[in-house]
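Please study the sequence and the model before reading each solution.

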Amino acid sequence: MPHSPSSAPSGRVRIARGASPWLLPTVATAAVSLLRARRSKRAAAVAVPATALAAGMLWFFRDPEREIAEGRVISPADGVVQSIMPWHDGRTRVAVFMSPLNVHVNRAPLAGTISSVEHIPGGYVPAFNKESENNERVVWHFDTEIGDVEMVQIAGAVARRIVPYVPQGCKVEQGDRIGLIRFGSRVDVYLPEGVEAGVEVGQATTAGVTRLDRD
């Protein structure tokens, strides 16, 4: 399937949807403190950390355009492959750990129809901890040419809000933006039975670019 215009490379970087509650207050505080800095020592003292925080937020919530790669299953997240585990039903789980420095926007690993999107409440332990299996998460199922493919966005100790972009029943192209995990965490993809992982533990991944499976 051809990729949608939103996935086409353009060289520009935009701000991720869902960033406003965090981004707007920090940028506003930085702007006000900078305007008042010449007349107020207190404002000048606030201006430096406020501007640094605003710059950090802009970096954290960047959403670059990507040239979507080809392959049956591509990575939905920027990060590092944390684990590759055979699952009890014959599938293989590939877990990608996202640090706060990664792009936080997640993309569809395959083209298809979103058959379900389920939010499951839970805790907020660090995503690299085994107990993160019980963290707050959003479970996605995609009806694709290779069958049902499950993807799970998992919140961590800092990432306490997952923002889905598309609802159940929506058709997506491979590499389309589908959601945001604020400040990183983990994304798991369950490769269907018979589909082998083409990445290794410790390998860096790029959402929409890195292929997770092999021929």
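**Exercises on salt bridges and burial**

In this predicted model, R72 has a relative accessible area of 33% and is therefore partly exposed.

**Exercise 1.** Determine whether D213, the salt-bridge partner of R72, is buried or exposed.

*Solution.* Step 1: the side chains of R72 and D213 meet in a salt bridge, with N and O 2.8 Å apart. Step 2: R72 belongs to the loop between β2 and β3, while D213 belongs to the segment after β13, so the pair ties together parts that are 141 residues apart in sequence. Step 3: the relative accessible area of D213 is 3%. Buried means under 20%, so D213 is buried.

**Exercise 2.** State where R177 and D63 lie in the chain.

*Solution.* Step 1: R177 and D63 form a salt bridge of 2.7 Å, N to O. Step 2: R177 is in strand β11 and D63 in strand β2, 114 residues apart. Step 3: both residues are buried.

**Exercise 3.** Classify R214 and E196 by their accessibility.

*Solution.* Step 1: the closest N and O atoms of this salt bridge are 3.6 Å apart. Step 2: R214 lies in the segment after β13, and E196 in the loop between β12 and β13. Step 3: R214 has 42% relative accessibility and E196 has 49%.

Notes:
Residues numbered from 1 in each chain as written. Predicted model: local features only at pLDDT ≥ 70, side-chain atom pairs only at ≥ 80, totals over all residues. Heavy atoms only, no water. Salt bridge = Lys/Arg side-chain N within 4 Å of Asp/Glu carboxyl O. Helix = DSSP H or I, 4+ residues; strand = E, 2+ residues; numbered from the N terminus. Buried < 20%, exposed > 50% of the residue type's maximum accessible area, 1.4 Å probe, protein only.
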